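The sequence and the structure come first.

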Amino acid sequence: MKDPSLRRSAALFRAFLREQSDPDHCYALLARDAANQVEAWAGPLAGRLVVDVGGGSGWFTREFRRRGAEAYLFEPDAAELGARPVPGAVLADGYLLPLAEGRADVCFSSNVLEHVEDPATFLSELVRVTRPGGLIYLSFTNWLSPWGGHEWAPWHYLGAHRARARYQRRTGRPAKHTLGENLHAVHIGPTLRQVRARGDVEILVQRSRYWPFLASAVTRVPGLREFATWNLLLVLRRCP
């Protein structure tokens with residue numbers, strides 16, 4: 001697939017800058033963009049079973065349904081579902097999804113891996129519920145990305161404790177994320193080695209999710225990729 005356009009990357013970046021003040025715009029745009037990516041590899045979503053794991057308030061699920069998919073949201077945190085959860089949302093842990101093996105045509109996980117303590121087990125569960133030949137869409141913000149500290153980035157480069165303290169001084173409220181509790185230092189190199197060691201998936205796409213150029217090349221340079229990728233996107237096919 002060709003690299004995304006500069007216009008697309010700029011639009012997403014502007015939306016991210018307004019995430020706190022206008023989350024509806026930000027996440028609606030991100031959901032449309034992600035659905036476009038999924039359809040680029042999986043084809044039209046109409047009639048497909050799509051599993052959205054850790055999708056929070058349901059922006060992605062709603063967009064998949066708008067395109068005709070039979071989409072279901074599985075979210076472990078009731079608070080993340082918001083005041084009006086997407087209809088049919090299920091409170092479920094990503095380590096143990098209440099689905100039979102090989103059920104989903106597409107298993108989708110956007111920016112969740114850095115929030116789980118055991119990424120390998122989480123990935124295994126995504127693979128388990130995906131049918132042979134089906135796709136797993138996995139995207140995460142790696143720790144050494146400029147955005148790795150989430151709301152207290154980029155000060156995480158000076159240490160998580162110092163960054164959280166600075167955030168609280170600046171905003172007057174405690175940070176949402178705490179390293180080692182609901183945010184974990186996930187790195188690209190070890191993640192790629194874990195995926196490549198599996199015999200049940202094939203890597204179709206390995207790229208920076210948002211970069212407008214050299215999106216695949218930057219992920220193949222050890223060291224540099226940990227800082228320059230920003231957000232790693234993997235699209236995997238489950239092997240028969």
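Glu 63 and Arg 67 are both buried in this predicted model, and their side chains meet in a salt bridge with an N to O distance of 2.8 Å. In general, side chains of opposite charge can pair when their charged atoms come close. The count of salt bridges comes to 11. Three of these pairs are listed below.

| Pair | Closest N to O distance |
|---|---|
| Glu 80 and Lys 176 | 2.9 Å |

The bridge between Glu 80 and Lys 176 has its closest N and O atoms 2.9 Å apart. This pair links distant parts of the chain, with Glu 80 in helix H4 (residues 78-81) and Lys 176 in the loop between H6 and H7, 96 residues apart.

Arg 198 has 21% relative accessibility and so counts as partly exposed. Asp 200, at 25%, counts as partly exposed as well. Elsewhere, salt bridges that share partners join Glu 39, Glu 63, Arg 66 and Arg 67 into one network.

**The sheet**

The strands form an open sheet of 7, in the order S3-S2-S1-S4-S5-S7-S6, and the pairing is mixed. Strands of a sheet pair through backbone hydrogen bonds, either parallel or antiparallel.

A parallel pair is formed by S1 (residues 49-53) and S2 (residues 70-75), over 5 bridges. Within this pair, Val 50 has Ala 71 in S2 as its bridge partner. S5 and S7 pair in the antiparallel sense over 6 bridges, and there Ile 136 stands opposite Leu 236 in S7. S7 is also antiparallel to S6, over 7 bridges, with Val 201 standing opposite Arg 238 in S7. Of the 7 residues of S7, 6 are buried, and the strand is mostly covered.

**Helices on the sheet**

Helix H2 (residues 23-42) lies across strands S4 (104-110), S5 (130-140), S6 and S7 (232-238), and runs at about 145° to S5. Helix H5 (residues 119-128) packs on the sheet too, touching S1, S4, S5, S6 and S7, and its direction makes about 145° with that of S5. Which residues of H5 are buried? They are Pro 119, Phe 122, Leu 123, Glu 125, Leu 126 and Val 127. The cover over these buried residues includes S1, S4, S5, S6 and S7, as well as helix H7 (188-196).

Thr 61 lies in helix H3 (residues 59-66). Its relative accessibility is 0%, so Thr 61 counts as buried. Leaving aside neighbours within four places in sequence, Thr 61 is in contact with Asp 52, Ala 71, Tyr 72, Leu 73 and Val 86. Among these contacts is Ala 71, the residue already named as the bridge partner of Val 50.

Gly 68 is placed in the loop between H3 and S2. With a relative accessible area of 38%, Gly 68 is partly exposed. Not counting residues up to four places away in sequence, Gly 68 touches Leu 45, Ala 46 and Gly 47. Gly 56 is 12 residues from Gly 68 along the chain, and the C-alpha atoms of the two are separated by 20 Å.

**A nonpolar surface patch**

Which residues form a nonpolar patch on the surface? Trp 155, Tyr 157, Leu 158 and Phe 227 do, with about 400 Å² of accessible area together. Trp 155 has its place in the loop between S5 and helix H6 (160-171). The relative accessible area of Trp 155 is 36%, so Trp 155 is partly exposed.

Terms used. Residues numbered from 1 in each chain as written. Predicted model: local features only at pLDDT ≥ 70, side-chain atom pairs only at ≥ 80, totals over all residues. Heavy atoms only, no water. Pairing = 2+ DSSP bridges. Helix = DSSP H or I, 4+ residues; strand = E, 2+ residues; numbered from the N terminus. Contact = heavy atoms within 4.5 Å. Axes fitted to C-alpha atoms, helices over the stretch in contact; angles between N-to-C directions. Patch = residues over 30% accessible without salt bridge, like charges linked within 9 Å, V, L, I, M, F, W, Y side chains within 5 Å. Areas by Shrake-Rupley, 256 points an atom, 1.4 Å probe, with all protein chains shown as cover. Salt bridge = Lys/Arg side-chain N within 4 Å of Asp/Glu carboxyl O. Buried < 20%, exposed > 50% of the residue type's maximum accessible area, 1.4 Å probe, protein only.
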